[in-house]
Amino acid sequence: MSNESDAADTADAEEADAGTGGAADAAPGGAAAAGAPIGAEDHEPAAAPAGFELGTDGPGVILAGLDGSDSSWRATAYAAGLARRQGAVLAVAYIQPILGAATALAGAAVEETTQEIAEELLTALREAEHRVREVWKVEWRFLTMRGDPYTGLAKLADELRADAVVVGVSEQAGHKVIGSVAVRLVKAGRWPVTVVP
């Protein structure tokens, strides 16, 4: 007798839910789980913002500053390793120093010298690539321009939409092109900057 009564009560409850929109139908979007957020179905799935966004799917371009010093070569090697592991493009930049007032008279000679340095750096990069090409490959490009090293690297980082900038520490103040560029790049706070000793 009690079994018949329980079965009748269950059947009545199911009919009430089906006919009048029971608790399961009353929840927004048919959410029957207790504590389900109200209006959860109203939110659209997250979408990536339109246009350029830094760091969305790993780095696309890693910029390394190279001036021929040992620390800048180590920075370039470090950046190359990052680029290889992340599948990013390695951009190696040599910023040819601008002439100071003291060297203005020797302008043509200095300009020719900095261009020769750029060519020597490019040759050394090609040789390094040739030595390791059987082990690993990385897409890279060499860029050079005249100007202040900080301004040049910042301009290139912006133009390339670099995801990271890697530079070496100054080895001797006043003797190396990079100098305090690392500190200025970090203080700018516009890109992640790695300073390699």
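This is a predicted model: local features need pLDDT of at least 70, side-chain atom pairs count only at pLDDT 80 or more; totals for chains, interfaces and linings use all residues.

Which residues form a nonpolar patch on the surface? I found Val169, Val186 and Val195, with about 190 Å² of accessible area together. Patch members need over 30% relative accessible area and no salt bridge, with nonpolar side chains joined within 5 Å; areas are Shrake-Rupley with a 1.4 Å probe, and a salt bridge is a Lys or Arg side-chain nitrogen within 4 Å of an Asp or Glu carboxyl oxygen.

Numbering runs from 1 along each chain, and side-chain values use heavy atoms, without hydrogens or water.

I looked up Val195 next: it sits in strand 5 (residues 193-196) and is partly exposed at 34% (buried is under 20%, exposed over 50%, partly exposed in between). Of the chain's 197 residues, 29% count as buried.

Then the fold: I have six helices and five strands (DSSP runs of at least four and at least two residues), in the order α-α-β-α-β-α-β-α-β-α-β.

Last, the largest pocket, with about 330 Å³ of space. A pocket here is an open set of points on a 1 Å grid, fitting a 1.4 Å probe, with protein on both sides within 12 Å along at least five of seven lines; lining residues have an atom within 4 Å of a point. I noted 15 lining residues, with Ala80, Ala128, Glu129, Val132 and Trp136 nearest the centre. Helix 3 (70-86), strand 2 (89-96) and helix 4 (107-132) each supply at least two of the lining residues.

Terms used:
Grid points are joined across faces, edges and corners, and a volume is the space filled by probe spheres set on the points. Patches are made of residues with over 30% relative accessible area and no salt bridge: like charges are joined within 9 Å, nonpolar side chains (Val, Leu, Ile, Met, Phe, Trp, Tyr) within 5 Å. Buried means under 20% relative accessible area, exposed over 50%, partly exposed in between (1.4 Å probe, protein chains only).
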